[in-house]
Amino acid sequence: MKYIEEAKQIVKLVGGEENINSLVHCATRLRFELKDHGKADKDALNKLNYVLQVVVSGGQFQVVIGPAVNDYFQAILSVAKIGAGTSEKGDTGQKKGLADQVMKVISGAFSPLIPVLAGAGMVKALLTVILELGLLPADAPTYLILSAAGNAAFYFLPVFLGITLAKQFGGNAYVGGAIGAALLEPNFTGLLQAEGAVNFLGIRVIPIDYASTVFPIFIAVIVYSQLEKLLKKTVKKELQLFLNPMISLMLMVPFTVLVFGPFGTVLGNKVSDTVVWLFGFNRILAGAVLGVAYPFLTILGLHWGFTPVTIQNLENFGGDMLEGVCVCAVFAEIGIAVGAYLKGKKHSKIREVAGPTILTAVFAGVTEPILYGIIMNYKRLMKIVAISSGIGGAINGAFHVTCDAFVFHNIFALAMQTYSPFYAYLIGISAALVSGALLTYFWGITAEDKEDFTAEGSKESEEAIVQEAAAGGTPIRIQAPMAGEVIALEEVEDEVFASGVAGLGIALRPSEDVVKAPCDGEVSMIFPSKHAIGLAVEGGAEMLIHVGLNTVMLNGEGFQALVAEGDKVTAGQPLLRFDPAFIKAQGCPLTTPVLVTNADEFQGIETAAHGQVKAGELIYRIMR
């Protein structure tokens, strides 16, 4: 076979056949389950000219090959005695420390929320500008409506986190969201103003404002997900539809308000008390410790424990030393975002994230998008935010810098000189910002992070594409294979598809259950799992339609092929049928990439559609 020698090389570099528990493949990648990931040579595999990328995700060691993946799969099975599609029980080889696991959970919870947090942050920044310039009063209906748009994502953060966390841990996403929503529901929030003791079945309840908090919902949804798994084992299947959510809500909401919420609040207050004691002991040490810790307290939502102390200090002393130090963390985070932006190449993924988050932080003082969208996704940046915040904190602590008004730490607070001594404050925040930017630019980005900083998307100007097309011939028109929402490839929730290594094109979030031919052609490939189909298109283009993400693991369940390999098809002809409800119930996103897998043989891809499309509408042109 053509691929025998290359297959032997792959097997050797993943640690040999004795290190392989099982092997399956999807439309573009070989998915190994290894006994010990440490025995695999990821760098060497990445250097092979027939390997597009190596990804370690979900406990799998994934070697991205591209359209020829089935040939490599068959060749590997012929040279190595391993199981295809079956997995031996035991160690997956993905041994992670507790810190790595915690960061993975937090990052996975916040990553899907980055766009809405960044967008909402920009709305808040715009409103701050409007207010400072006197364009609208704070009680004007227009201002209040726009303020609702900017505040909603942060106020209802427990709801969104309930959804993303439940997805991670295998619970029902909407039950997770409902647990978060219960903490903000008017019947519960009304208890905040209740006179006298509040009890639940005779147990004392401490009513707490959970808006914008994250710690209680993290614990609640993790516990809920384990409860859900137990219920699935014990409750009869015909009753699970209503009984599992009912039991989960009746147990988890009370547990959250009785245990998890008060525990997070007490923990936050203890942290605050410790920091106040440190300031009395040694201001420089306290400033450094608080500077180092504050970004991580913000990630967990425990920074709110400082708010009562801050308000009390402002009333009693006219200034607060806690916020006088914590402001350095804000500017350290801005510095890191600036360093990451400068490090990234034009059209790289990092620039798309960093640019808006810098503006949000500078104008609104909202840095959560930087924390969740940049810092938490790159290991060295976690160290850098601690170092640069600690440097600024130590300086501000040494000079006893205080914040003299309860403000967001943004450019307007700086302009109004709400900190004293002001020049000492400038030194501290400058040190934090500059050290964060320099450390990020010169040290913070590892070889593993390179893709996000150097990947050049196919984002040439439309004029350039059209000019190239004019020189090369008539473009190939590709229609939407189904109705749905068009999304950019880089927004796909899978790094291989998002990076473009599997092919270029767009993706759809389908609103119907039939895949139709996007153009005339021949069915070149139908995967055994029926989740993906390949087409050979007139003009030499090779198309791949991949229904859902990670759907290869469903082994064909929920899919029905309506054509066979070798069939000639015409545009609009049904190719596949799938069950959206079943696929989503298995935890697989329905996002469907529609790709040109040999795009490097053409001049480019010109996107022709945005938003909602109907099946048969033009979505892009392949420029010859």
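# Reading rings, sheets and burial in a predicted model

Author: Welcome! The structure holds 9 aromatic pairs. Rings of Phe, Tyr and Trp (its six-membered ring) pair if their centres lie within 6.5 Å; planes under 30 degrees apart count as stacked, over 60 as edge-to-face and the rest as tilted. Please keep in mind that this is a predicted model, in which local features need pLDDT of at least 70 and side-chain atom pairs count only at pLDDT 80 or more, while totals for chains, interfaces and linings use all residues. Residues are numbered from 1 along each chain as its sequence is written, and side-chain values use heavy atoms, with hydrogens and water left out.

Reader: What kind of aromatic pair do Y50 and Y72 form?

Author: Y50 and Y72 are stacked, at 5.5 Å centre to centre with 20° between the planes. The pair links distant parts of the chain, 22 residues apart: Y50 is in the loop between helix 2 (42–47) and strand 3 (53–57), and Y72 is in helix 3 (residues 69–79). Helices (H or I, at least four residues) and strands (E, at least two) are DSSP runs, numbered from the N terminus.

Reader: Is Y50 buried or exposed?

Author: The general idea is a cut-off on relative accessible area: buried means under 20%, exposed over 50%, and partly exposed in between (1.4 Å probe, protein chains only). Y50 is buried, with a relative accessible area of 11%.

Reader: How are the rings of Y419 and Y425 arranged?

Author: Y419 and Y425 form a stacked pair, 4.1 Å centre to centre and 5° between the planes. Both Y419 and Y425 are buried. Ring pairs also link Y419, F422, Y423 and Y425 into a cluster.

Reader: And which residue lies over the face of Y441?

Author: For a charge to sit over a ring, NZ of Lys or CZ of Arg must be within 6 Å of the ring centre and within 35 degrees of the ring normal. K343 lies over the face of Y441, at 4.9 Å from the ring centre. R351 lies over the face of Y341, at 4.4 Å from the ring centre.

Reader: Let's turn to the whole chain. How many helices and strands are there in the protein chain?

Author: The protein chain has 23 helices and 23 strands. Of its 624 residues, 49% count as buried. Contact means heavy atoms within 4.5 Å. Among contacts between residues at least 6 apart in sequence, 72% join residues at least 24 apart.

Reader: Which strands form the open sheet of 3 strands?

Author: Two strands pair if DSSP finds at least two bridges between them. Here the order is 13-19-17, and the pairing is antiparallel. Strand 13 (514–516) and strand 17 (559–561) each have a single partner strand, so one side of each is left without a neighbour in the sheet. Strand 17 and strand 19 (residues 574–578) pair in the antiparallel sense over 3 bridges, and A561 stands opposite L576 in strand 19.

Reader: What is the order of the open sheet with 8 strands?

Author: That order is 18-14-15-16-20-12-11-22, again with antiparallel pairing. At the edges stand strand 18 (568–569) and strand 22 (611–613); each has a single partner strand, so one side of each lacks a neighbour in the sheet. Strand 11 (residues 484–487) and strand 12 (residues 504–510) run antiparallel and are joined by 4 bridges. I487 has A507 in strand 12 as its bridge partner.

Reader: How many residues of strand 2 are buried?

Author: In a regular strand the side chains alternate between the two faces of the sheet. Strand 2 (residues 29–34) is mostly covered, as 5 of its 6 residues are buried. Strand 2 pairs with strand 1 (residues 20–25) in the antiparallel sense over 5 bridges, where H25 stands opposite L30. Strand 2 is also joined to strand 4 (residues 60–64) by 4 bridges, and these two run antiparallel; R29 stands opposite V64 in strand 4.
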